[in-house]
Amino acid sequence: MATQNSIGSNKPIEVSFGGIGAATLTDHGVLVGSGTSAVTALTVGTNGQLLIGSTGADPVFANLTSTGGTISITEGAGTLNLEAVGGTGAQNTHTISPSGGDYTTIQAALTANPTANSLFLVYPGTYSGDTITFTANNQSVIGVGEPETQVISAASAKIVDFAAFTGCMISNITCTITGATAALIDTIVGSTGSLDVNKCIFNVTNSSHTGANQPACLRITGAGSVDVMRSVFNYTNNVAAAGQVKVAVSLGAGSYLKIVHSEATVGCTGASTGSAFVYSPTTGELEMIDCQISVTDDTGGLVDGIYYDGTAPGLVQNCSITVVGGAANTGAAIQLIGSSTMRSLYNEINVTDSGGISYSFRVAAATELVSKFDDITAADGVDEAGTFTQVSSDGDGNLTASGNLVSNYVATSAVQFDDDGVMSTQVNASDYYNISAYNTNTTSDVAFFTLTAGDPPTGDLSTSVTMGSNAIYYATGTDVPVTDGGTGASTLTDHGVLVGSGTAAVTALAVGSTGEVLIGNTGADPSWSSTATVTTLNATTFDTNVAAAAVTLSGTSLTADGTDSDIDINITAKGTGQVIIDDLQLTTDLAVTEGGTGASSLTDHGVLVGSGTGAVTALSVGTNGQVLVGSTGADPVFATLASADNSIDFTTGAGTLDLSVSGTVSINAQTGTSYTPVIGDAGKLVTLDNAAAITLTIPPNSSVAYDTGTTIAFAQKGAGTVTFAPGSGVTISSRGSALDTAGQYAMASVVKISTDLWYLSGDIS
């Protein structure tokens, strides 16, 4: 064992010797065994993902899915919530379907229910001419399928209007305007309200409008705010509209827009002032993160990814912005106007043209743009009239900084170059740079070496340069004495060993013959000898000669062979150094207390679980669709999810698990002449089979407290007529006050409307 510092190895400890076989592990990664091979660190699960087994393979982190959209899945940091969509007792929830729901159009549902905190579930279908004009705060319109399956289409009319309502939301909806012919034809418009947009598709095509207020995908006319996630904007405008701007997104004064994980394709042609994805000429605020933007216009005046005038600093981060212009265009990824500021961080910027001008950024006077580590392709660089600061790549392999490149002022800071790397001046004659040091007295830089471009280029060393606080000796001067760091000699014996002589010139010894060794000579220069004697070391063995705790080095083995019964071998490094052991082999498993696993083999694909200081446990491998379930005070286990009432179906696969609400209806068979439903009959079919008349009593809420909205179905299976009778305080309402089934095999159902009010419908008389 080591008594100080640590024992390391320049090769990882293998699993067969109690190690993990790896030199580094993914931060937060779950470890999975691979027999005697190195453990595998799984990719880190994101919020709400579960570790799902895969027969014969490693488990994987995956998101639960609900193919039919019947399960609502809410994911969080270490949390996962599942709820059946439209479950019993849902409040302020309305369904829309062209083939039959609460409503057949979305707008009819919104108009009929101007209630805050309402949910409108839109089922798959094409809603031609429909609109989403919100009628209250906190209304949510959510498609139950993928966005492509809920389509609202209009020829030339706005579709979504959140106006001044706040907390509104649309999700999983496609909005398409096929051919705008007038002003202000937008897929989304709002003024001072707020709207969340999630996983939607917006398609806009201008058919013939040539005037002001060209159609847009999104327009905020006032100080409203919109958050967009995982959505797609497709904007096509090929109409000649001289003097107008063509934009997919338009921001009003004081508005706020955040776009995350989204895509936009803007394609324009025909005369115009210009085109852009985001157009903010009146102090709107923009944040755009992890987006892919493409803008193409071969005839407009300006072609911008973003045209921005914001009172608050804008942010564009981790985005790909492609701008393609024509022969008469001036293109830019980001153009700032007014007094706006923008931070452009870690973006891929590609601006090209076919004869026009391509800028990465256009920074007008009084504006400010900071570019950090953007990957830039733009032939004409930056149009810089305001303040522009950058540390970015404006060409493959190049790093351009508008300020100083400063280290962290620590002893280990360094600038390193690959082979053939160059630190050079700019390309113009007389361009130069200095290698300088900071004068703390005058608070300025002092140049010690100046490199200047020219033909030929020059390098000038300042006369202030010293070595060890002494002046440097030049090529035409005298021999540099030892006191100034030299040898004091102008020639040295070829192959001669150099020996010091105090402050006098060094001595070059005679060259040693083959096989001779250099031997010290007290008070004199060493000399070469072919008869050297070594008294404490031979070619094979070194012995400490300590009887009680002797250690012998023989050949390649270090052995403790003293007379003591227990002898530690201590290898101690100095300072912050480490003991490096090449290819460490252990005879016993490395214990957990020493940083090992305590095991020599790990189950292939098995998840590893700690056991205090005992050896780690490799759990049994989960089969397809199993999930890892915790157990208080015990190891977690891979288990198969189940639904006690069969209300949820599970579809498993290799590393996948899909949940859906079961379509099966449970049956309660009754054969008596009277029956009162129980709480477990909610949502079931009760069959009533007797030759004699049967009385079915609906119990009062005080006896059986069903949820409002509960439905129970009944079937007259036998010859006996079923009569529905109200319990104490119960009211049964039916068409024509009918309370009897119409005959054998007649079906009827009751729905609880309020505390003791039930509606009866079906085959009754």
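Ile 569 is placed in the loop that runs between β51 (557-560) and β52 (579-581), where helices (H or I, at least four residues) and strands (E, at least two) are DSSP runs numbered from the N terminus. This is a predicted model, in which local features need pLDDT of at least 70 and side-chain atom pairs count only at pLDDT 80 or more, while totals for chains, interfaces and linings use all residues. Residues are numbered from 1 along each chain as its sequence is written, and side-chain values use heavy atoms, with hydrogens and water left out.

Ile 569 counts as partly exposed because its relative accessibility is 31%, given that buried means under 20% relative accessible area, exposed means over 50%, and partly exposed lies in between (1.4 Å probe, protein chains only). Together with Leu 558 and Ile 571, Ile 569 makes a nonpolar surface patch of about 240 Å²; the areas come from the Shrake-Rupley method with a 1.4 Å probe, and for residues only the protein chains shown count as cover.

## Gln 716 in strand β63

Gln 716 belongs to strand β63 (residues 711-716) and is buried, with a relative accessible area of 1%. Leaving aside neighbours within four places in sequence, Gln 716 is in contact (heavy atoms within 4.5 Å) with residues including Leu 688, Thr 741, Gln 744 and Tyr 745. A polar atom of the Gln 716 side chain also lies 3.3 Å from the backbone oxygen of Gly 720.

Strands pair if DSSP finds at least two bridges between them, and 3 bridges join β35 (residues 357-363) to β37 in parallel, with Asp 383 in β37 as the bridge partner of Arg 362.

## Strand β27 and its partners

Strand β27 (residues 285-289) is largely enclosed by the rest of the structure, because 4 of its 5 residues are buried. Strand β24 (residues 256-260) runs parallel to β27 and is joined to it by 5 bridges, with Lys 258 standing opposite Glu 287 in β27. Strand β30 (residues 314-317) pairs with β27 in the parallel sense over 3 bridges, and Val 316 in β30 is the bridge partner of Met 288.

Conventions: Patch = residues over 30% accessible without salt bridge, like charges linked within 9 Å, V, L, I, M, F, W, Y side chains within 5 Å. Salt bridge = Lys/Arg side-chain N within 4 Å of Asp/Glu carboxyl O. Polar contact = N/O pair within 3.5 Å; in protein donor to acceptor, adjacent residues only side chain to side chain.
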